[in-house]
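Trainee: I would like to go through this model with you. Could we take it one part at a time?

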Amino acid sequence: MQRNTRQRAAILETLSRQVDFRSAQQIHEQMRADGETVGLATVYRNLQALSRAGRLDVLVAGDGESLYRQCEDTGHHHHLVCRECGRTVEFLAPRLEASMTAIAREHGFTEVDHTLEVFGLCEEHSSTAEPSEHEDDPEEPEDEVAAR
């Protein structure tokens, strides 16, 4: 593990006040707003080191940008992420882990590691989601709609 620096401590402090994933730029902007004098390159470098050390969760957004959040659970875990608001729930999946280990073994793989993020809509945004174009369509039989 690398030594703790003032910048690294400031990054962890900033992330400890966040509940959702943030980009390096957002973290940098928050730190500057808090009065920290730290360069964006330093933020990137420290985020990468902290994530390698298992201190941060990293999520790769649909556009390829890495997003960071301080881990709630330091053990291996997965995430449910709301596409609308970014709310994230950590979860354990022991049966999934066992299945993945068996699949890897079946194909001759060892020292397997993985990340899993499941994207969807949280309960709050599911209730406000617009109905699909086929819902309540009187022209289409119900069994065809249900089969989609």
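**Sheets and helices**

Mentor: Strands β4 and β6 run parallel and are paired over four bridges. Please keep in mind throughout that this is a predicted model.

Trainee: Which residue in β6 is the bridge partner of V81?

Mentor: That partner is F119.

Trainee: And how do β4 and β5 pair?

Mentor: Strand β4, residues 78-82, pairs with β5 in the antiparallel sense, over four bridges. Within that pairing, H78 stands opposite F91.

Trainee: Which residues of β5 are on its covered face, and which on its uncovered one?

Mentor: In β5, residues 88-91, T88 and E90 make up the covered face, while V89 and F91 are on the uncovered one. In a regular strand, side chains alternate between the two faces of the sheet.

Trainee: Let us step back. How many helices and strands does the chain have?

Mentor: There are six helices and six strands. Read from the N terminus, the elements follow the order α-β-α-α-β-β-β-β-α-β-α-α. The chain has 148 residues, and 28% of them count as buried. Its accessible surface comes to about 10,300 Å², with 48% belonging to carbon and sulfur atoms.

Trainee: What share of the contacts with a separation of 6 or more comes from residues 24 or more positions apart?

Mentor: Such residues account for 48% of those contacts.

Trainee: Now the sheet with β1. What is its order?

Mentor: That open sheet of three strands has the order β1-β3-β2, with antiparallel pairing. The edges are β1 (22-23) and β2 (56-60), each pairing on one side only. Two bridges join β1 to β3, residues 66-70, and R22 stands opposite Y68 in β3.

Trainee: What is R69 in contact with, beyond its neighbours within four places in sequence?

Mentor: Its contacts include L15, V19, D20 and F21, together with L56 and D57. H79, T88 and E90 are also in contact with R69. T88 and E90 are the residues on the covered face of β5.

Trainee: Which helix lies across β2 and β3?

Mentor: Helix α3, residues 40-52, lies across them and runs at about 110 degrees to β2. It has 13 residues and reaches 18 Å from its first C-alpha to its last, close to the 18 Å expected.

Trainee: Which residues of α3 are buried?

Mentor: They are T42, V43, N46, L47, A49 and L50. Seen down the axis of α3, the buried residues fall within an arc of 165 degrees, so they line one face of the helix. The face turned away from them carries the exposed residues A41, R45 and R52.

Trainee: What covers the buried residues of α3?

Mentor: The cover includes α1 (6-16), α2 (24-33), β2 and β3.

Trainee: Which residues are buried in α2?

Mentor: In α2, A24, I27, H28 and M31 are buried. Viewed down the axis of α2, these residues fall within an arc of 100 degrees, so they line one face of the helix. They pack against α1, β1, α3 and β3, whereas E29 and A33 are exposed on the face turned away.

Trainee: What follows each of these two helices?

Mentor: α2 is followed by G35, with a positive phi near 95 degrees. α3 is followed by G54, whose phi is also positive, near 80 degrees.

Trainee: One last point: where is G39?

Mentor: G39 is in the loop between α2 and α3. It counts as partly exposed because its relative accessibility is 34%. G39 and Q7 are 32 residues apart in sequence, and their C-alpha atoms are 9.5 Å apart in space.

Methods. Residues are numbered from 1 along each chain as its sequence is written. This is a predicted model: local features need pLDDT of at least 70, side-chain atom pairs count only at pLDDT 80 or more; totals for chains, interfaces and linings use all residues. Side-chain values use heavy atoms; hydrogens and water are left out. Two strands pair if DSSP finds at least two bridges between them. Contact means heavy atoms within 4.5 Å. Axes are lines fitted to C-alpha atoms, for helices over the stretch in contact, and angles run from 0 to 180 degrees between N-to-C directions. The expected span of a helix is 1.5 Å times one less than its number of residues. Buried means under 20% relative accessible area, exposed over 50%, partly exposed in between (1.4 Å probe, protein chains only). The arc is that of the directions from the helix axis to the C-beta atoms. Accessible areas come from the Shrake-Rupley method with a 1.4 Å probe; for residues, only the protein chains shown count as cover.
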